[in-house]
Amino acid sequence: MTKTIAGLDIARRIEQTIPGAVEGAIPEAATVKADKLAEVCTFLRDDPELKFEFLSSLTAVDQLEYFEVVYHLTSIRLNQMTAIKVKETDRENPRVPSVTPIWPGANLQEREAYDLMGIVFEGHPDLRRVFLWDGFDGWPLRKDYLVGPGGRFPGLERFPGESQEPLGGRG
Amino acid sequence: MTIQAEPFVVNLGPQHPSTHGVFRLRLTLDGEKIIDADMVMGYLHRSMEKLAEERTYTQNIPFTDRTDYLAAMTGNLAYVIAVEQLCGIEAPERAQWLRTIMCELQRIASHCMAVGIFANDCGAWQTPVMHMLRDREKVLDLFEMACGARLTLNYMRIGGVSRDVPTEFMPAARKLIKELPKKLNEYEDLLLENEIIVERSRGIGVLTPEQAMAHSVSGPMLRASGVAWDIRKADPYAAYDRVDFDIAVGVHGDVYDRFVVRLAEMRQSIKILEQALDLIPEGPVHAQLPTATVQPIDQPVAPLAIRPPIGEAYGRIESPRGELGFYLVSDGSPAPFRFHIRSPSYINLTPLKLMSVGGTVADAIVILGSVDIIVGEVDR
């Protein structure tokens with residue numbers, strides 16, 4: 001069975017080695033500061049007790065007030081998993097350091113996140129649109145893109161009869 | 001005298017049989033040698049992630065058929081496992097075994113296609129693939145028996161499977177897995193030492209274990225590089241912790257080993273099926289969903305919708321192509337707030353340039369064939 005290292009535990013481990021790198025933690029993931037990301041990722045990859053040499057998944061989430069880039073990491077040698085996140089509050093020009101130099105497997109996944117969510121990964125060797133064509137207007141996976149009936153922003157209900165009260169938590 | 005030659009660009013695809021769908025590869029060549037390979041994707045992009053964020057959790061299951069359309073069962077399962085993690089639901093025992101049986105049948109069907117088309121790419125034109133399509137049809141007949149569909153199956157449900165299999169299913173499945181080893185012997189006799197395949201694929205497109213792991217390559221491609229990593233063993237889901245099987249591992253990490261690993265995995269799938277058909281218990285195939293997650297939307301004719309609690313989950317399984325993961329974020333509403341597919345076809349393409357540069361155009365075709373991409377899953 002894969003051992004899942006909870007967000008709080010991984011946050012503690014990171015904080016012990018790189019003080020000031022952790023911004024917060026939830027049970028699923030630890031949030032790290034963007035300017036320390038490269039340092040944290042190198043530590044997670046090379047630490048003999050963590051050995052997260054395999055980047056399972058990289059994706060971005062539009063949390064309305066901020067963007068979140070989520071990294072799911074796997075250690076094949078030690079059979080364990082964890083997740084870290086980075087927050088970016090600038091909606092106009094979101095920039096997050098690239099982890100492609102650390103895990104080459106992030107290459108296409110960062111391009112996808114750039115293409116659909118518009119997050120610029122600084123230091124990426126070849127950041128271009130991947131599914132959409134160059135010159136496509138907008139970033140489709142953002143919550144404010146093409147809000148038709150059922151969109152998340154004012155007035156329109158997504159499902160018949162759903163209450164119009166604003167949703168709690170992340171919504 | 002030296003001949004001055006300028007590099008020139010060859011477009012492979014998007015409409016070309018060797019690209020397995022609408023996928024385009026721009027090769028920059030110096031004579032016959034590849035000096036750069038650029039992938040152009042998106043011809044089949046349907047923005048599934050955006051679509052799924054506007055639909056309920058149950059309505060999203062058919063989308064997962066249409067990403068990896070050669071392995072709809074595993075697509076379904078990865079998604080429902082992620083939703084079950086989010087809601088804290090566990091499927092009943094019989095459903096877990098049915099899932100295992102269906103996924104292994106799907107793996108056989110998918111690998112039949114992968115191996116057959118790969119032989120096609122090598123130049124063994126059409127004969128092997130026809131043999132394999134013949135056997136894949138028999139698996140599809142079983143699926144038709146179980147859920148009425150052959151390709152887009154939509155069989156798994158959150159908390160179980162859509163319906164129990166009919167009484168004829170088990171004898172038919174037993175008959176098929178009795179026949180299949182003979183067919184596999186036939187394939188192995190036909191292909192394993194086939195001059196065409198060996199010459200075209202040995203030592204081509206080599207990935208070392210370190211390179212494969214660093215490039216997030218998963219599935220048969222990773223195992224062909226000698227890394228014994230299989231989520232069915234490492235992080236068992238469904239009923240895989242109760243069956244005995246081996247991980248097929250390659251040695252050289254070249255195109256030939258990927259092909260051999262796929263053939264070996266079909267044998268292991270038969271081994272799993274033999275055990276699963278004996279061990280499957282009777283019982284319900286669908287869990288009672290907790291009332292907190294199924295709430296009527298306030299309306300006279302209230303449709304039921306699953307509302308997972310606020311949170312997030314990453315569910316992953318071993319699909320025929322590698323680690324298929326679904327990352328879901330719930331805000332407590334009937335639709336996922338974020339729906340992300342970690343698709344193995346797409347991510348396995350990452351080292352394509354690394355593998356092709358230095359080879360010839362003919363090598364690029366077999367390398368792409370050995371990745372076994374499904375463009376529906378690459379572009380989503």
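# Questions on a predicted two-chain model

Trainee: What pLDDT does chain A average?
Mentor: This is a predicted model, and pLDDT is the predictor's confidence in each residue. In chain A, 85% of the residues score at least 70. The average for chain A is a pLDDT of 82.

Trainee: Which element of chain A has the highest mean pLDDT?
Mentor: Strand 1 of chain A, residues 3-4, marks the lowest mean among the elements, at 84. The highest mean is 92. That value belongs to strand 5 of chain A, residues 67-75.

Trainee: Where in chain A does pLDDT stay under 50, with 16 contacts beyond four places in sequence?
Mentor: The model does give this stretch contacts beyond four places in sequence, 16 of them. Even so, pLDDT stays under 50 there. The stretch is residues 166-171 of chain A.

Trainee: How many strands does chain A have?
Mentor: Read the elements from the N terminus on: β-α-β-β-α-β-β-β-β-α-β. Chain A has three helices. Its strands number eight.

Trainee: What percentage of the residues of chain A count as buried?
Mentor: A residue needs 20 or more other C-beta atoms within 10 Å to be buried. Chain A has 171 residues. The buried share is 39%.

Trainee: Is A:Lys51 exposed or partly exposed?
Mentor: A:Lys51 lies in the loop between helix 2 and strand 4 of chain A. Its phi is near 50 degrees, a positive value in a residue other than glycine. Around A:Lys51 there are 17 other C-beta atoms within 10 Å. Since exposed takes 12 or fewer and buried 20 or more, A:Lys51 is partly exposed.

Trainee: What is the phi of A:Leu64?
Mentor: A:Leu64 is found in the loop between strand 4 and strand 5 of chain A. With 16 C-beta neighbours inside 10 Å, A:Leu64 is partly exposed. Its phi is positive, in a residue other than glycine. The value is near 70 degrees.

Trainee: Now chain B. Is B:Gly13 buried or exposed?
Mentor: B:Gly13 sits in the loop between strand 1 and strand 2 of chain B. Within 10 Å there are 20 other C-beta atoms. The cut-off for buried is 20 or more, so B:Gly13 is buried.

Trainee: How far apart in space are B:Gly13 and B:Leu25?
Mentor: Leaving aside neighbours within four places in sequence, B:Gly13 is in contact with B:Thr19, B:Phe23, B:Arg24 and B:Leu25. In sequence, B:Gly13 and B:Leu25 are twelve residues apart. In space, C-alpha to C-alpha, they are 6.4 Å apart.

Trainee: How far apart are the end C-alpha atoms of helix 3 of chain B?
Mentor: Helix 3 of chain B covers residues 72-87, which is 16 residues. At 1.5 Å a residue, helix 3 should span 22 Å. The model agrees: the end C-alpha atoms are 23 Å apart.

Trainee: How many residues of helix 3 of chain B are buried?
Mentor: Helix 3 of chain B is largely enclosed by the rest of the structure. Just after it, B:Gly88 takes a positive phi of about 70 degrees. Of the 16 residues of helix 3, the buried ones number 15.

Trainee: Is helix 3 of chain B oblique or roughly antiparallel to helix 4 of chain B?
Mentor: The two helices pack at about 140 degrees, with their axes 8 Å apart. Roughly antiparallel takes an angle over 145 degrees, so helix 3 of chain B is oblique to helix 4 of chain B.

Trainee: Which residues of helix 3 of chain B make the contact with helix 4 of chain B?
Mentor: Helix 4 of chain B gives B:Arg99, B:Met102, B:Cys103 and B:Gln106. By class, the contact has four nonpolar, two polar and one charged residues. From helix 3 of chain B come B:Met73, B:Thr74 and B:Leu77.

Trainee: Is helix 4 of chain B roughly parallel or roughly antiparallel to helix 14 of chain B?
Mentor: Their axes lie 9 Å apart. The angle is about 180 degrees. That makes helix 4 of chain B and helix 14 of chain B roughly antiparallel.

Trainee: Which element gives the largest share of the side of chain B that touches chain A?
Mentor: The contact takes 39 residues from chain B and 37 residues from chain A. On the side of chain B, 17 are nonpolar, eleven polar and eleven charged. The largest share is four residues, from strand 11 of chain B.

Definitions and conventions:
Residues numbered from 1 in each chain as written. Chains lettered and ligands numbered in written order. Predicted model: local features only at pLDDT ≥ 70, side-chain atom pairs only at ≥ 80, totals over all residues. Contact = placed C-beta atoms within 7 Å. Nonpolar A, V, L, I, M, F, W, Y, C, P; charged D, E, K, R; others polar. pLDDT = per-residue confidence, 0-100. Expected span 1.5 Å × (residues − 1). Axes fitted to C-alpha atoms, helices over the stretch in contact; angles between N-to-C directions. Parallel < 35°, antiparallel > 145°, perpendicular 65-115°, else oblique.
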